[in-house]
Amino acid sequence: MTYDYVFPDFVKEPVDVTILAGQTASLSCTVPDTVYSVKVNWYSSDGTLVETDLGTHANSEYTGVYEVLTSGDFYCKAVYTPSSLFNGGDIHSESATVTVINYLIQPDSADLGTGNSITLTCKLDEAGYVGSWSWYKDGGEVSGSTLAIQANQQNIITTKVSGTVDSGGDYTCKAVYEDQTGLSAGTITSSTATITIVDVTVYDVVVEKGESAALRCDISGADSDPTTMKFTVDGGDVTQTETLSEFTDAT
């Protein structure tokens, strides 16, 4: 014979948590276990089991804990084993949302020709928290970064890299957060963008009018061979079969 005790309810349910990328969110829920045998499992919002019976007993209560690194909605389910005093059953909590602040846009590596420029961009998916934010090249802070907050509350920071010999290197952006309500201090570092400065040297050629000219240019610094190479005159491509006489007043 069993006796129907008042079915237990949660002493504490999990609450929403915001973390920085790389940090761990710790969700917990607490249930009574005075006369009950209980275990606590954790589930994602679609009902997928993500953690089983990881918790501690203390002061006639059982606290289940789930540590998570990713965004999502999660809930706990307390499962009570039937006994001579209790019919058993389970209860599940409300869902708690874990929000991970991370980059929506990170800089890409690129080859940059001398005399040209490129703008590197980092974009965070959460605004209002950043304490400081800067670009770094080979570990040293870069001056001249531009920080903006869009109307949709997404932080964007950019830096312009000019195609000079000393501009090549590894670029990252770092967002630094201080301790604040609902968020622990930390730093989010973007992926590394390697900017390779590519130098093109074109050689002068002197030929008689009407003769073919063998044009030459050397490319140095590129990590890979170019897919195409073209010579141009006044904006038009020069083909291999064209001769200098085809251009008016050729010099």
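The legends below describe close-up views of a predicted model.

Residues are numbered from 1 along each chain as its sequence is written. In this predicted model, local features need pLDDT of at least 70 and side-chain atom pairs count only at pLDDT 80 or more, while totals for chains, interfaces and linings use all residues; side-chain values use heavy atoms, with hydrogens and water left out.

**View 1. Overall make-up of the protein.** The protein has 0 helices and 22 strands (DSSP runs numbered from the N terminus; helices are H or I of at least four residues, strands E of at least two). Of its 251 residues, 31% count as buried (buried is under 20% relative accessible area, exposed over 50%, and partly exposed in between, with a 1.4 Å probe and protein chains only). Among contacts with a separation of 6 or more, 61% come from residues 24 or more positions apart (contact means heavy atoms within 4.5 Å).

View 2. A disulfide is a covalent bond between the sulfur atoms of two cysteines; here it is assigned to a pair of cysteine sulfur atoms within 2.5 Å. The count by this rule is 2, and the bonded cysteines, counted along the chain, follow the pattern 1-2, 3-4. Cys 29 is joined to Cys 76 with an S to S distance of 2.2 Å. Cys 29 belongs to strand E2 and Cys 76 to strand E7, so the pair ties together parts that are 47 residues apart in sequence. Both Cys 29 and Cys 76 are buried.

**View 3. The disulfide between Cys 122 and Cys 173.** In this disulfide the S to S distance is 1.8 Å. The torsion about the S-S bond is about -90°, so the disulfide is left-handed. The pair links distant parts of the chain, with Cys 122 in strand E12 (residues 117–124) and Cys 173 in strand E17 (residues 169–177), 51 residues apart. Cys 122 is buried, at a relative accessible area of 0%; for Cys 173, also buried, the value is 0%.

**View 4. Surroundings of Ser 134.** Ser 134 is part of strand E13 (residues 132–137). With a relative accessible area of 13%, Ser 134 is buried. Its side chain makes a polar contact of 2.8 Å with the side chain of Glu 141 (a pair of N or O atoms within 3.5 Å; within protein, one must be able to donate a hydrogen and the other to accept it, and residues adjacent in sequence count only if both atoms are side-chain atoms). Leaving out residues up to four places away in sequence, Ser 134 touches Glu 141, Ile 157, Thr 172, Cys 173 and Lys 174. Lys 174 in turn lies over the face of Tyr 136, at 4.8 Å from the ring centre (NZ of Lys or CZ of Arg within 6 Å of the ring centre and within 35 degrees of the ring normal).

**View 5. Aromatic pairing around Tyr 43.** The whole structure holds 4 aromatic pairs (rings of Phe, Tyr and Trp, the last by its six-membered ring, with centres within 6.5 Å; planes under 30 degrees apart are stacked, over 60 edge-to-face, the rest tilted). One of them, Tyr 43 with Tyr 75, is stacked, at 5.5 Å centre to centre and 15° between the planes. Tyr 43 lies in strand E3 (residues 37–44) and Tyr 75 in strand E7 (residues 72–81), so the pair ties together parts that are 32 residues apart in sequence. Both tyrosines are buried. The charged end of Lys 77 sits over the ring of Tyr 43, 5.1 Å from its centre. One aromatic cluster is formed by Trp 42, Tyr 66 and Phe 74.

**View 6. The nonpolar cores.** The largest nonpolar core has 21 residues, and those with the most contacts inside it are Leu 27, Val 31, Val 40, Trp 42, Ala 78 and Val 98 (a core is a set of buried Ala, Val, Leu, Ile, Met, Phe, Trp, Tyr and Cys residues joined through side-chain atoms within 4.5 Å). At least two residues of this core come from each of strand E1 (17–20), E2, E3, strand E6 (61–68), E7 and strand E9 (96–101). A second, separate core of 20 residues includes Tyr 103, Tyr 171, Cys 173 and Ile 195.

**View 7. Surroundings of Asp 53.** Asp 53 lies in the loop between strand E4 (49–52) and strand E5 (55–58). Its relative accessibility is 37%, so Asp 53 counts as partly exposed. Neighbours within four places in sequence aside, Asp 53 is in contact with Lys 39, Val 40, Asn 41 and Tyr 62.
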